Amino acid sequence: MPNNKSDKFFKLVGKHRETKKKQKFLGVLKDYLLVLEKDKGIPKLAHKRLFDSISSHGITKMQKSEERCNKLFGSEELKKYDYFTSKFFGMERSLAKIMRFLRSASLKGEESRQVLLLLGPVGAGKSALMEHIKSALESSDPMYHIDGCPIHEEPLHLIPRSLRKDFEDLYGIKIEGDLCPVCRFRLKDEFDNDYTAMPITQSSFSVRGRRGVGVVPPMDANSQDVTVLVGSEDISKLDMYPEDDPRVLSLNGAFNVGNRGIVEFVEVFKNEIEFLHTMITATQEKSVPSPGKGPMIYFDGVILAHCNEAEWNKFKSENTNEAILDRIVRVNVPYCLEVSEEKKIYKKLLGLSDFDGHIAPHTLEIASMFAVLSRLHLSNKVDALTKMKLYDGKDVIEKGTVKKIDINDLRDEARDEGMTGISTRFIMKAIDSALSDSEKNMVTPVSIRDTLIKQVKDQIVVEDDRNRYLDFLGKTLHEEYLNILEKEITKAFVSAYDEQAEALFNNYLDHAEAYVNMSTVKDNVTNEEIQPDEKFMASIEEQIGIVGTSRENFRVDITAFMFSKLRRGEKVDWKSYAPLKEAIESKLTSSVKQISRIVTKSKSRDKKQQGKYNEMVETLIKEYGYNEESAEEVIKFAANNLWRDS
Ligand SMILES: Nc1ncnc2c1ncn2[C@@H]1O[C@H](COP(=O)(O)OP(=O)(O)OP(=O)(O)O)[C@@H](O)[C@H]1O
Ligand SMILES: [Mg+2]
């Protein structure tokens with residue numbers, strides 16, 4: 001029985017080794033063919049392998065009934081690949097495009113001979129996405145390859161050209177590609193050309209082990225050497241063997257190690273154009289040059305590249321680059337434009353760090369709102385805040401009705417939206433610095449806004465942008481936060497908020513319905529039939545600016561809305577009809593305004609009020625996730641800003 005941690009751990013080590021050993025295939029062509037008889041999908045090409053390994057985690061169709069899908073994606077029924085779901089947010093469109101590329105490439109369409117380029121602003125998640133795509137290979141089934149082959153080539157390459165037609169007829173498997181120079185040499189030298197005797201084995205993909213994944217970092221003009229891509233001749237062996245002997249080859253370039261899997265070009269257009277020709281040859285000819293004077297070497301891999309827009313524009317503007325441009329499939333990876341998805345990114349990143357401070361409610365929301373606002377293009381149809389809410393799938397109420405704007409129209413109006421603005425990193429830096437400036441180890445909406453203002457003043461040099469951002473922080477979000485805060489404090493004040501709201505709702509509905517049908521309402525207390533209460537209804541309606549003749553329409557609309565919902569068997573509650581929900585919230589808020597004002601001001605509190613204050617703070621802490629300090633900070637903020645002049 002293992003009694004300490006190291007014993008326990010080494011038991012695991014042993015098991016791990018066992019399973020690794022057991023899985024590994026060792027054999028010759030005949031054994032491999034037996035494997036193929038059971039599963040003829042095994043010798044798949046790189047694009048298909050990658051596509052399959054990502055899809056194998058599951059595909060979910062965004063349901064039309066799903067609220068987010070319904071509001072944001074309209075008639076598009078986007079496929080969501082589960083492999084990305086828990087790590088990438090608000091990127092469904094880009095991901096769907098990437099997967100569409102891989103899918104058609106895996107069917108050997110033209111895309112299999114193209115480079116996939118991810119283009120996006122800094123910090124939009126391109127690198128993170130690449131890492132995640134590469135690790136999909138690591139968790140996929142190991143590849144079969146000729147043992148000892150530096151480029152892990154497909155064992156079927158052993159089958160001579162003259163036999164391939166027969167093989168294909170027999171197995172229904174098409175063979176693509178020929179032996180690499182190293183294997184060809186060994187075949188002759190060690191196996192006397194008996195290809196049925198060449199050893200075949202299995203290896204897993206590994207980014208760190210450079211098996212099936214090759215990475216090309218950007219290089220300056222001086223250090224750019226094509227050996228990084230295609231390997232080199234080993235000088236130390238040159239005196240042992242003749243010059244064109246494959247034994248002098250070191251096939252360790254990115255295209256060699258990335259064969260069967262992925263070759264990634266980081267910040268691809270920072271490289272000189274000459275350097276990129278190999279990339280093009282690799283896609284188009286499916287082969288790469290051999291170091292020295294040898295013949296081309298067959299290559300099968302997915303070529304992925306990424307860069308930001310400035311580099312891309314510079315590259316695109318040179319017309320000598322046309323040949324390359326024609327071989328690139330570009331997928332934009334814009335910033336996230338949905339506030340609630342953006343918030344998830346920060347949560348993810350905070351979860352990954354050692355961050356242990358307190359984050360007050362709405363802090364990340366305010367930061368997300370700022371990030372999204374900065375990324376939106378101006379619209380002729382709506383103001384920035386409204387657009388932000390619509391993109392987030394929220395109802396926006398205007399003059400007592402839900403604003404009817406087609407999000408697709410807004411999108412059409414703003415092509416390439418999300419390619420500029422504040423980056424995810426900028427926000428994360430602000431969160432970090434707000435935290436380190438805080439003596440209480442916390443970040444609140446108040447402190448994050450202050451930090452963001454400081455950071456914008458410090459770091460944003462383009463004057464127009466800076467002014468726009470400061471305006472968002474100073475005005476738009478200041479007011480928006482006060483709205484949020486006022487609602488929250490009201491909720492903390494009103495005991496049994498939901499019940500009270502529900503009661504108001506039911507009452508209002510009874511009266512409005514009676515009004516519309518010209519009937520009466522039964523009084524709760526006296527059981528008498530009474531006329532609908534005009535004064536009561538008006539007190540709700542005026543909360544959202546419905547006065548005069550528009551009242552009647554509002555009552556008709558709401559009665560019809562609720563009736564049709566009920567007829568469909570759907571549940572209705574006080575949140576069902578957005579304009580009424582807002583009116584009810586506002587009614588409740590104004591009902592406690594007076595007491596909120598007095599109680600939150602510390603100077604004027606008497607004993608009874610202090611009790612009320614303590615109760616409210618307790619609710620904020622227990623039910624809404626504040627701690628004592630953050631509750632105090634936001635209440636102080638409310639006292640100074642919300643009820644200042646009333
Ligand atoms: N939509 C998103 N969903 C999840 N995480 C995201 C998203 N956008 C950005 N991130 C996170 O933000 C961080 C920065 O992204 P990353 O470094 O991948 O950006 P990049 O596009 O490669 O930027 P650069 O052009 O500066 O290299 C990463 O940790 C990434 O996980
Ligand atoms: Mg990057």
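The model is predicted, so local features need pLDDT of at least 70 and side-chain atom pairs count only at pLDDT 80 or more, while totals for chains, interfaces and linings use all residues. Residues are numbered from 1 along each chain as its sequence is written, chains are lettered from A and ligands numbered from 1 in the order in which they are written, and side-chain values use heavy atoms, with hydrogens and water left out.

Helix 24 covers residues 550-567. Helices (H or I, at least four residues) and strands (E, at least two) are DSSP runs, numbered from the N terminus. The 18 residues of helix 24 should span 26 Å at 1.5 Å a residue, and its end C-alpha atoms are 26 Å apart, which agrees. The expected span is 1.5 Å times one less than the number of residues. The buried residues of helix 24 are F554, R555, I558, T559, M562 and K565. Viewed down the axis of helix 24, its buried residues fall within an arc of 135°, so they line one face of the helix. The arc is that of the directions from the helix axis to the C-beta atoms. Burial is defined by relative accessible area: buried is under 20%, exposed is over 50%, and partly exposed is in between (1.4 Å probe, protein chains only). The face turned away from the buried side of helix 24 carries the exposed residues N553, F563 and R567. The buried residues of helix 24 pack against three elements: helix 22 (497-517), helix 23 (534-541) and helix 25 (578-600). Contact here means heavy atoms within 4.5 Å. Helix 24 is followed by G569. The phi of G569 is positive, near 80°.

The structure holds 36 salt bridges. A salt bridge is a side-chain nitrogen of Lys or Arg within 4 Å of a carboxyl oxygen of Asp or Glu. One of them joins the side chains of R375 and E342, at 2.9 Å from N to O. R375 lies in helix 16 (residues 363-375) and E342 in helix 15 (residues 339-352), so the pair ties together parts that are 33 residues apart in sequence. R375 is buried, with a relative accessible area of 0%. E342 also counts as buried, at 0% relative accessibility.

K454 forms a salt bridge with D437. The closest N and O atoms of K454 and D437 are 4.0 Å apart. This pair links distant parts of the chain: K454 is in helix 20 (residues 445-459) and D437 in helix 19 (residues 424-437), 17 residues apart. K454 counts as exposed at 52% relative accessibility. D437 counts as exposed at 53%.

In another salt bridge, the side chains of K487 and E585 meet at 3.2 Å, N to O. The pair links distant parts of the chain, with K487 in helix 21 (residues 463-493) and E585 in helix 25, 98 residues apart. K487 is partly exposed, at 33% relative accessibility. E585 is buried, with a relative accessible area of 5%. Salt bridges also link E534, E541, R551 and R555 in a network. Of these residues, R555 is among the buried residues of helix 24.

L304 lies in strand 13 (residues 302-307). L304 counts as buried, at 3% relative accessibility. L304 and F265 are 39 residues apart in sequence, yet 6.3 Å apart in space, C-alpha to C-alpha. Leaving aside neighbours within four places in sequence, L304 is in contact with L116, M130, I133, I262, V263, E264 and F265.

R260 is found in the loop between helix 11 (254-257) and strand 10 (262-265). R260 counts as buried, at 4% relative accessibility. M518 lies in the loop between helix 22 and strand 19 (521-522). M518 is exposed, with a relative accessible area of 78%.

L12 has its place in helix 1 (residues 5-23). L12 counts as exposed, at 52% relative accessibility.
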